[in-house]
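Hi everyone, thanks for coming. I'd like to walk you through one chain today, so please have a look at it on the screen.

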Amino acid sequence: MKMNNHLRRLYWFFIIVFLTFTITFIDGSFLLPEGDAPTTAPKFLSRGHLYKVIVGETIELPCKVQNLGSFVLLWRKGSSVLTAGHLKISRDQRFKIVGDYNLQINGVKTQDAGDYICQLGDQENRDQVHTVEILVPPTLRALPHNGQVTARKGSTVTLECKASGNPVPTIYWFKKDVFSGPTHLSDSSTLILENVDRHHAGVYQCSADNGVKERVSMDIQLTILSPPEITVEKSWVHAAEGYDVELVCIVHGDVNSEMLWYQNSFLLDPTDRRSMYPRDDRYSLIIRNFQPTDFGNYSCVADNALGRTKKYIEVSGRPGPADFISPALSGFLDHYNLTWTIESIPPLDEIKLLYRRLLMNETYQHPGKWHEYHIKPTPIRTDGTHYLMSYVVKNLEHNAVYEAIVQAKNKYGWNEISDIHQFYTRNHDLLLDIDMEYKMGISNSNRISTSVGAIVLTNFLLLIYQVINI
């Protein structure tokens with residue numbers, strides 16, 4: 001160890017002696033003996049510049065001088081001399097002179113940023129300054145480090161990502177969705193979610209970008225603890241004796257909830273006709289070979305450590321409500337073809353149709369008197385559970401607004417009255433416009449047909465004429 005230190009001291013001693021006897025230092029200038037001084041003053045050909053380089057890469061700083069003669073060029077950073085001529089002073093192996101006097105730095109580090117000075121050893125001590133900026137790709141750190149956040153329903157959640165790099169990265173927050181893709185939420189280091197519920201649960205992604213290489217991202221999984229939330233696939237289910245029926249409740253948020261089924265407030269257990277099936281967040285109650293005692297009100301109850309939730313489903317043999325499928329605008333002045341479908345396994349016994357005119361202008365609406373019709377059903381069966389029906393409502397006013405409702409009955413009773421269906425009759429002007437368009441269309445078609453015929457005939461005659469001349 002002592003021997004190494006002794007050799008190092010000898011090395012620097014000889015360097016100093018060499019510089020001392022080779023260069024005469026006068027007033028801070030590095031000069032050769034006067035007999036060797038150049039006759040033409042040296043001049044910089046390169047110019048100082050700002051260089052931006054990504055950390056880890058290699059950079060070359062130019063220093064081109066015309067008429068250097070025997071003057072010595074120094075490269076220094078601050079007060080540290082890196083090279084003198086082609087002699088390397090710095091012990092950092094990453095620095096070296098390439099070409100004439102260009103300074104090359106291999107594998108640049110963040111601490112290499114700063115001003116690099118190429119100094120000319122003449123009496124004026126002129127120099128050229130290059131500024132080096134080190135670009136650093138973004139890095140991310142999520143809080144918490146495991147990327148898992150759990151919160152209670154109704155609380156405030158703060159998600160945080162810290163980024164570093166040069167330039168300073170911008171942070172973007174997204175919520176990921178497998179169906180619609182990511183949704184942009186914020187451009188800050190923290191994302192605050194207030195009064196959270198099950199809709200806030202999911203995967204959040206913070207991304208950092210500063211334009212250096214690729215954007216980096218991290219995911220944070222947010223879990224919301226809450227009492228179970230239930231939605232029913234259908235709140236009203238049509239059934240009939242001898243058929244199979246499925247009731248479905250969907251539990252949101254906590255898939256580990258316990259599910260119980262009730263009929264008219266009585267707890268249900270599995271039987272040879274009754275089965276309960278859980279599948280992820282979907283819970284099914286299947287009743288096979290439906291019997292009259294199976295009609296009634298059912299409820300699904302979900303329990304977890306934070307609470308209990310209940311939803312109701314009615315199972316009935318009565319028809320379902322009418323669903324209107326006819327367009328709102330009539331094709332006629334004084335009548336309208338009303339068309340609807342009804343869910344019913346048993347045949348329909350009776351249909352009740354009510355309609356009324358709606359008097360309205362820009363300032364008010366005044367409904368007229370209901371007109372009621374009892375219709376003997378002649379429906380068309382579209383499938384095993386649905387009927388298609390239509391009825392022409394006559395003696396209507398032209399250019400008027402009407403409303404209609406429908407009710408149906410089968411052997412189990414009357415269904416609920418349908419939603420109101422609003423429809424309109426045409427006016428004379430609209431019919432005239434349509435008639436004119438139709439006639440104009442025929443006229444134009446005839447013109448086009450005539451023109452095309454004339455062109456074809458002309459080409460045919462020309463062809464015959466050419467054949468004859470041949």
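Let's start with the largest nonpolar core of this predicted model. This core has 22 residues, and the ones that touch the most other members are I59, L61, L73, W75, L103, Y116 and V132. Which elements give two or more residues to it? They are β4 (50-54), β5 (59-61), β7 (73-77), β10 (95-98), β11 (102-105), β12 (114-120) and β13 (127-143). With three residues, β12 gives the most.

If you click on L73, you can see who surrounds it. Leaving aside residues up to four places away in sequence, L73 touches C63, V65, L68, T83, A84, G85, Y101, C118, Q119 and L120. Apart from this core lies another, with 21 residues, and F324, Y336, L348 and A404 are among them.

Now let me step back to the chain as a whole. There are two helices and 39 strands in its secondary structure. Of its 470 residues, 36% count as buried. Take the contacts with a separation of 6 or more: 62% of them are between residues 24 or more positions apart. As for the surface, the chain exposes about 28500 Å², and 54% of that comes from carbon and sulfur atoms.

On to the sheets, and I have two for you. One is an open, antiparallel sheet of four strands, in the order β21-β23-β27-β26. At its edges stand β21 (229-232) and β26 (274-279); each has a single partner strand, so one side of each is left without a neighbour in the sheet. From one strand to the next, the twist averages 20°.

Let's follow β23 through that sheet. Strand β23 covers residues 245-252 and runs antiparallel to β21, with four bridges joining the two. In that pairing, T231 stands opposite I250, and V232 has C249 as its bridge partner. What joins β23 to β27? Six bridges do, and these strands run antiparallel as well. Strand β27 spans residues 282-287, and I287 in it is the bridge partner of V245. So how buried is β23? Seven of its eight residues are buried, so the strand is largely enclosed by the rest of the structure.

Is Q205 buried or exposed? Its relative accessibility is 19%, and the cut-off for buried is under 20%, so Q205 counts as buried. Its side chain has a polar partner: a contact of 3.4 Å joins it to the side chain of D219. Beyond residues up to four places away in sequence, Q205 touches Y172, W173, F174, K176, S217, M218 and D219. So D219 turns up in both lists, as polar partner and as contact, because a contact here means heavy atoms within 4.5 Å.

That's my tour, and I'm happy to take questions.

Note on methods. Residues numbered from 1 in each chain as written. Predicted model: local features only at pLDDT ≥ 70, side-chain atom pairs only at ≥ 80, totals over all residues. Heavy atoms only, no water. Pairing = 2+ DSSP bridges. Axes fitted to C-alpha atoms, helices over the stretch in contact; angles between N-to-C directions. Core = buried A, V, L, I, M, F, W, Y, C linked by side-chain atoms within 4.5 Å. Buried < 20%, exposed > 50% of the residue type's maximum accessible area, 1.4 Å probe, protein only. Areas by Shrake-Rupley, 256 points an atom, 1.4 Å probe, with all protein chains shown as cover. Polar contact = N/O pair within 3.5 Å; in protein donor to acceptor, adjacent residues only side chain to side chain.
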